[in-house]
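Please open the structure in a viewer and keep the selection tool at hand.

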Amino acid sequence: MKALQYRTIGAPPEVVTVPDPEPGPGQVLLEVTAAGVCHSDIAVMGWPAEGFPYELPLTLGHEGVGTVAALGAGVTGVREGDAVAVYGPWGCGTCAKCAEGKENYCLRAEALGIHPPGLGRPGSMAEYLLVDDPRHLVPLDGLDPVAAVPLTDAGLTPYHAIKRALPALVPGSTAVVIGAGGLGHVAIQLLRALSPARVVALDVSKDKLRLAREVGAHETVLSDASAAGAVRELTGGLGAQAVFDFVGAEPTVRTAGAVAAVEGEVAIVGIGGGALPVGFGHLPFEVSVHAPYWGSRGELIEVLALARAGAVSVHTETFSLDDAPLAYERLHAGAVNGRAVILPNG
């Protein structure tokens, strides 16, 4: 089968031919219908050789949907032909967090060498994907694969962050979204669907600010040195009750802290390497700062339900598997509005 692999540190990914996988006991083989392209992959491919955590070559793709092609011995709960989404952050399945459905916070994954597909084990940017356990599969129930695949990360991750902040997002409150790209433009829609808060979007790109307005942002602000002052002015000097930074770079986390209100929440979701000092005098009183990771399996089910209800949709641009390297080039250049999706069998 064809697969997109990261093969050499510092080199671009390559489309190669690898053996077709076969499901062993308890495993499920998917024919991949769509795979999402994410900035996390670019971050992985930017890591230096020293301390690189994964074995190469690595088949990319941690967002995946597909059709069940074959079942390993003993598999129950899914059938050949089922259309499913893959829940990406795999855990051990037995620790206290996994028992809650929070495999994204598995307590034993690192010790056991368990990795998500595309982030340590073969991912979805291939004609077939081997899934270790049917519990990682969620029925699409009629959702279009291209529309659904970004929801497994670009939908689930902001949903997880926003859900925690909902008690603070009462009528008259403000939520700030920093970065209106793949995750951010979904976050705006989720905030509009789930809360009465006024949504203010920040980005360095005028095209992405235009997209933010299209998907429901009440206000948009160019993310520059004056952005924090502009948000303070919009909020009458009070700041925002919730701030979601989908960039996570040093300048954006500083902005996030500068626009947070007293007792506000700041979620640093992006992996841009920035950090926000926490301590008396650094932030307004009782601001909570956290760095969420992905979401639970139950939350993925909820996100897909919101999509079926028409409450959230992802702007997508599709590419063939042969053109997948181009998709990463465009994403890296900031030329993708929304989410790039690879069609391995399209």
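Select Leu29 in strand E3 (residues 28-36) and then Leu130, its bridge partner in strand E7 (residues 128-131). E3 and E7 pair in the antiparallel sense over 4 bridges; two strands pair if DSSP finds at least two bridges between them.

The model is predicted, so local features need pLDDT of at least 70 and side-chain atom pairs count only at pLDDT 80 or more, whereas totals for chains, interfaces and linings use all residues. Residues are numbered from 1 along each chain as its sequence is written, and side-chain values use heavy atoms, with hydrogens and water left out.

**Remaining on E3**

Next, select strand E5 (residues 63-71), which is joined to E3 by 8 bridges and runs antiparallel to E3. Here Ala34 stands opposite Val65. Then select strand E16 (residues 339-343), which is also antiparallel to E3, with 2 bridges; Ala35 stands opposite Ile342 there. How many of the 9 residues of E3 are buried? The number is 7, and E3 is mostly covered. Buried means under 20% relative accessible area, exposed over 50%, and partly exposed in between (1.4 Å probe, protein chains only).

**The sheet of 6 strands**

Move to the open sheet with the order E11-E10-E9-E12-E13-E14, in which the pairing is parallel. Strand E11 and strand E14 (288-290) stand at the edges, each with a single partner strand, so one side of each has no neighbour in the sheet. Select strand E10 (residues 198-203), which pairs with E11 in the parallel sense over 4 bridges. Across this pair, Val200 stands opposite Glu219 of E11.

Continue to Ser223, located in the loop between E11 (219-222) and helix H8 (227-234). Is Ser223 buried or exposed? Ser223 counts as buried because its relative accessibility is 19%. If residues up to four places away in sequence are not counted, Ser223 touches Leu202, Asp203 and Val204; contact means heavy atoms within 4.5 Å.

Two packed helices are described by the angle between their axes and the distance between the axes. Axes are lines fitted to C-alpha atoms, for helices over the stretch in contact, and angles run from 0 to 180 degrees between N-to-C directions.

Select helix H5 (residues 156-165) and helix H10 (residues 297-308), which pack at about 105° with their axes 10 Å apart. H5 and H10 are therefore roughly perpendicular to each other; angles under 35 degrees count as roughly parallel, over 145 as roughly antiparallel, 65 to 115 as roughly perpendicular and the rest as oblique. Leu156, Tyr159, His160 and Lys163 of H5 meet Glu299, Leu300, Glu302, Val303 and Leu306 of H10. This contact of H5 with H10 has 5 nonpolar, 1 polar and 3 charged residues. Ala, Val, Leu, Ile, Met, Phe, Trp, Tyr, Cys and Pro count as nonpolar, Asp, Glu, Lys and Arg as charged, and the others, Gly among them, as polar.

The contact of H5 with H6 has 8 nonpolar, no polar and no charged residues.
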